[in-house]
Amino acid sequence: MQISELSDRSGLTVQTIKFYIREGLLPKGSVVSATRAEYDHRHLERLRLISALREVGDLPVAAIQRIVEAIEDERVSLHELFGTAQYAIGPHVAAPYDPHWRAARQDVDALVRELGWTVGDRSPARDLLAHTFVALRRLGFPITLTDLRPYVKAAAEVADHEIGRVADGAPRARTVHTLLVSTVLYEQVLTALHRLAQEDASARRFG
């Protein structure tokens, strides 16, 4: 297909597509003449991934570039590719490094070890959980494994379900797309279902 058709099918302007090519996010088309290049379904899939990372993940071009490089580098394992995408997505929480935050971060690290989870030290989720622990303690809610266990169980089951949806031998770009949808959109689904379930539980107990 020509770039005009690629534009129509992707919903992106020709100028945007050319920008992604210049930035190295999209491979150049196959040159067929001095003024024309041909593109195929791989270019369309890449544009859909870039659009998802930009619009759903709200990622800057530099972060998308790192993900694209990981996709194209076959030496990067699928697990490392997941990490590159997930760490880029965030959320990123500013770490104040006051005594309360440091104590909370140590508790998070201890929890991860106790659960036996394999999680990188730089995982943004560690800082996010530590930030939440600080807020809970300031409101007078202690953090105990007993209180966390239902959330841990639910999170583990959801994560196993999401990773299990990744088909063996699926294209690396499609794998990242699946991760993005699971991390960003299905987290909203999980939040919404949680609140619906809370209302139902309240109605059954207090209604």
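Me: Which helix is histidine 43 found in?
Reply: Bear in mind that this is a predicted model. The stretch to look for covers residues 41-55. Histidine 43 belongs to that run, and its name is helix α3.

Me: Is histidine 43 buried or exposed?
Reply: Its relative accessible area is 8%. The cut-off for buried is under 20%, so histidine 43 counts as buried.

Me: Which backbone oxygens does the side chain of histidine 43 reach?
Reply: One sits at 3.3 Å and belongs to proline 27. Another sits at 3.4 Å, on lysine 28. Pro27 and Lys28 also turn up among the contacts of histidine 43, along with Leu6, Leu26 and Gly29, once neighbours within four places in sequence are left aside.

Me: What does UniProt place at residues 1-70?
Reply: Over that stretch the chain is 60% helix and 10% strand, with the end C-alpha atoms 27 Å apart. The UniProt entry, an unreviewed one, labels it "domain: HTH merR-type".

Me: How far does helix α7 reach from its first C-alpha to its last?
Reply: Helix α7 runs over residues 124-138, which makes 15 residues. At 1.5 Å a residue, 21 Å is expected. The model comes close to that, with a reach of 22 Å.

Me: What covers the buried residues of α7?
Reply: The buried residues are Pro124, Arg126, Asp127, Ala130, Phe133 and Val134. Their cover includes α5 (78-89), α6 (99-115) and α8 (145-164).

Key:
Residues are numbered from 1 along each chain as its sequence is written. This is a predicted model: local features need pLDDT of at least 70, side-chain atom pairs count only at pLDDT 80 or more; totals for chains, interfaces and linings use all residues. Side-chain values use heavy atoms; hydrogens and water are left out. UniProt positions are given in the numbering used here, feature names are shortened, and annotations may be inferred rather than shown by experiment. Helices (H or I, at least four residues) and strands (E, at least two) are DSSP runs, numbered from the N terminus. Buried means under 20% relative accessible area, exposed over 50%, partly exposed in between (1.4 Å probe, protein chains only). A polar contact is a pair of N or O atoms within 3.5 Å; within protein, one must be able to donate a hydrogen and the other to accept it, and residues adjacent in sequence count only if both atoms are side-chain atoms. Contact means heavy atoms within 4.5 Å. The expected span of a helix is 1.5 Å times one less than its number of residues.
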